[in-house]
Amino acid sequence: MENKQTVRIALTKGRIEQGAIDIFKAADIDCSELLNKGRKLIFENKCSNIEFVLVKAADVITYVEHGVVDIGIVGKDTLMEYNKSFYEVLDLKFGCCKFAVAGPKNSNFYEGYNRKKIATKYPNVARNYFRTIGQDVEIIKIEGSVELGPILGLADAIVDIVETGNTLKENGLVIYEDICSISARMIVNIASIKMKKEEIGEIMLKVQREVSKREAV
Ligand code: PRP
């Protein structure tokens, strides 16, 4: 190995983890340590200058912002929810889904003058969206299974991620409005991009090439 600085990369655990591993493998960036991970959280590769950590989505941003991690792979949904400092350098074009407003079929969500209640795991995204369209709503923060909100009568509608649409369908909910598309992104710490310019540049180039290759198919 040449005398390169170590680059630490945080991957989001769960849904986009495998997509991230696939793109690194295809881009010829060794992440073999991640394949048999057990309960380990940090993965150093003796033959490369790259090490990986696996953390929750919001923590990816926190680690990158604080510079203990140089690069993060995280969904645009999380980036939109948490207003932090980092460079968003690449759209990785996987983990594609969307933010939408959804609620019960046959409901008159856009009618009437009563202030509607919105259940969501993404209060900032929801607040910003309804502010943009000029609708005054009450936001209720939920930690998961947001679809239950309207079903149990906690809320009139939800703002949530829709991927296949199956969760909405199986719970008798429909999309009222699409908000925006979401995909996995690469983010970089503001100081690291200068301090580790060469190492990070090489990783970005390899991953960008792989993204472009996939798009061309
Ligand atoms: C997400 C999201 C929806 C579901 C959408 O939840 O909040 O519930 O996935 O996916 P679909 O359109 O493919 O059905 P997640 O699985 O992350 O679990 P959670 O609700 O417990 O956070």
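Student: What should I know about the model before I start?

Tutor: It's predicted: local features need pLDDT of at least 70, side-chain atom pairs count only at pLDDT 80 or more, and totals for chains, interfaces and linings use all residues. Residues are numbered from 1 along each chain as its sequence is written, and side-chain values use heavy atoms, with hydrogens and water left out.

Student: How many helices and strands does the protein have?

Tutor: Helices (H or I, at least four residues) and strands (E, at least two) are DSSP runs, numbered from the N terminus. Here there are 8 helices and 11 strands.

Student: Where does the largest pocket lie?

Tutor: A pocket is an open set of points on a 1 Å grid over the protein atoms alone, where a 1.4 Å probe fits, with protein on both sides within 12 Å along at least five of seven lines; lining residues have an atom within 4 Å of a point. In this case the pocket lies between domain 1 (7-95 + 183-216) and domain 2 (97-181), because both give residues to its lining. Those bounds come from an automatic or database domain assignment. The volume, meaning the space filled by probe spheres set on points joined across faces, edges and corners, is about 1000 Å³.

Student: Which residues lie nearest the centre of the largest pocket?

Tutor: Arg 15, Asp 77, Lys 121, Tyr 122 and Ile 161, out of 38 lining residues. Among the elements that each supply at least two lining residues are helix 2 (57-66) and strand 9 (157-162).

Student: Is Cys 97 buried or exposed?

Tutor: Buried means under 20% relative accessible area, exposed over 50%, partly exposed in between (1.4 Å probe, protein chains only). Cys 97 comes out at 16%, so it's buried. Cys 31 is buried too, at 1%. Across the protein, buried residues make up 43% of the 217.

Student: How many disulfides does the search find?

Tutor: You'd look for a pair of cysteine sulfur atoms within 2.5 Å. The whole structure gives 0. For Cys 97, the closest cysteine sulfur is in Cys 96, 7.4 Å away, so that's too far for a bond.
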